[in-house]
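Hi,

Here is the structure I promised to pass on. Have a look at it first, and then read my notes below.

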Amino acid sequence: MDAPAVSEQRVTELLTRWSQGDDAALAELTPLVYGELRRLAHRYMNAERTEHTLQTTALVNEAYLRLADQTNPRWQNRAHFFAVAARAMRQILVNYARSQRSQKRGGGAFKMELDEAALVSPEESKEIIYLHEALERLAILDSRKAQVVELKYFGGLTYDEIAEVLKISQVTVRRDWEFARLWLYTELHSVD
């Protein structure tokens, strides 16, 4: 039961060392966080429609490359790292959905350049863009609520982890999540 706390502490320690310029810490960190990133992306992809064709591995690899490619990262802790990973995954999905929508070919699924393996159908790309645009509108209304959605939905963080990242109470996180879910539902269903 103590093992996860030690693992979280170790991840935070390695993130701190990496932030201080220790590239060896990144090499040690990779196997510790890659599995968790994959699990989060897989959980996110499982929430999508069954015919969704974007591959989990491609999403994780692209997000990880973006995280590892940062110069002078300033990681606060494990939860902060996964919050940034959630934002990276969201942006990857939105960028590829926009790219796919800009193509002028007919229906079906189109091959994308995401790790040479990701496919997103036109309908899926439209939904990703609608969600992104709704989150942008929510961010204008209340940026913290939009962050809660991003951390929970895209990042798979728990209420405790979100509270830690945003430095608010778990009760406030739950309240923000419930409000944001209802607000987004209303926004997304007004698009139809």
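The largest nonpolar core has 53 residues, and the ones touching the most other members are Trp18, Leu37, Phe81 and Leu138. By a nonpolar core I mean a set of buried Ala, Val, Leu, Ile, Met, Phe, Trp, Tyr and Cys residues joined through side-chain atoms within 4.5 Å. Buried stands for under 20% relative accessible area, exposed for over 50%, and partly exposed for in between (1.4 Å probe, protein chains only). The elements giving two or more residues to this core are helices H1 (3-19), H2 (23-46), H3 (56-68), H4 (78-102), H5 (122-141), H6 (143-154), H7 and H8. H4 gives the most, with 13 residues.

Before going on, a word on what you are looking at. This is a predicted model, where local features need pLDDT of at least 70 and side-chain atom pairs count only at pLDDT 80 or more, while totals for chains, interfaces and linings use all residues. Residues are numbered from 1 along each chain as its sequence is written, and side-chain values use heavy atoms, with hydrogens and water left out.

As for the overall layout, the protein has 8 helices and 2 strands. Starting at the N terminus, the elements go α-α-α-α-β-β-α-α-α-α. Helices (H or I, at least four residues) and strands (E, at least two) are DSSP runs, numbered from the N terminus. Of the 192 residues, 45% count as buried. If you take the contacts (heavy atoms within 4.5 Å) with a separation of 6 or more, 60% of them are between residues 24 or more positions apart.

Leu37 is in contact with Val60, Tyr64, Leu67, Phe81, Phe82, Ala85 and Met89, leaving aside its neighbours within four places in sequence. Leu138 sits in helix H5 and counts as buried because its relative accessibility is 0%. Not counting residues up to four places away in sequence, Leu138 touches Ser143, Lys145, Ala146, Val149, Phe179, Ala180, Trp183 and Leu184.

Now for H8, and how other helices pack on it. H6 and H8 pack at an angle of about 90°, with their axes 9 Å apart. Axes here are lines fitted to C-alpha atoms, for helices over the stretch in contact, and angles run from 0 to 180 degrees between N-to-C directions. That makes H6 roughly perpendicular to H8. Angles of 65 to 115 degrees count as roughly perpendicular, under 35 as roughly parallel, over 145 as roughly antiparallel and the rest as oblique. On the H6 side you will find Arg144, Lys145, Val148, Val149 and Lys152, which meet Thr172, Val173, Asp176, Trp177, Phe179, Ala180 and Leu184 in H8. The residues of this contact divide into 7 nonpolar, 1 polar and 4 charged.

Apart from residues up to four places away in sequence, Asp176 touches Arg144, Lys145, Val148 and Ile168.

H7 (residues 159-166) packs against H8 (residues 170-189) at an angle of about 105°, and their axes are 8 Å apart. So H7 is roughly perpendicular to H8. Here Tyr159, Asp160, Ile162 and Ala163 in H7 meet Gln170, Val173, Arg174 and Trp177 in H8. This contact divides into 5 nonpolar, 1 polar and 2 charged residues. In the loop between H7 and H8 lies Lys167, which has a positive phi of about 60° although it is not a glycine. At 65% relative accessibility, Lys167 counts as exposed.

Ser19 counts as buried, at 8% relative accessibility. Its side chain reaches the backbone oxygen of Pro73 at 3.1 Å, and a polar atom of that side chain lies 2.9 Å from the backbone nitrogen of Trp75. Leaving out residues up to four places away in sequence, Ser19 touches Pro73, Arg74 and Trp75.

Over to you!

Technical notes
Ala, Val, Leu, Ile, Met, Phe, Trp, Tyr, Cys and Pro count as nonpolar, Asp, Glu, Lys and Arg as charged, and the others, Gly among them, as polar. A polar contact is a pair of N or O atoms within 3.5 Å; within protein, one must be able to donate a hydrogen and the other to accept it, and residues adjacent in sequence count only if both atoms are side-chain atoms.
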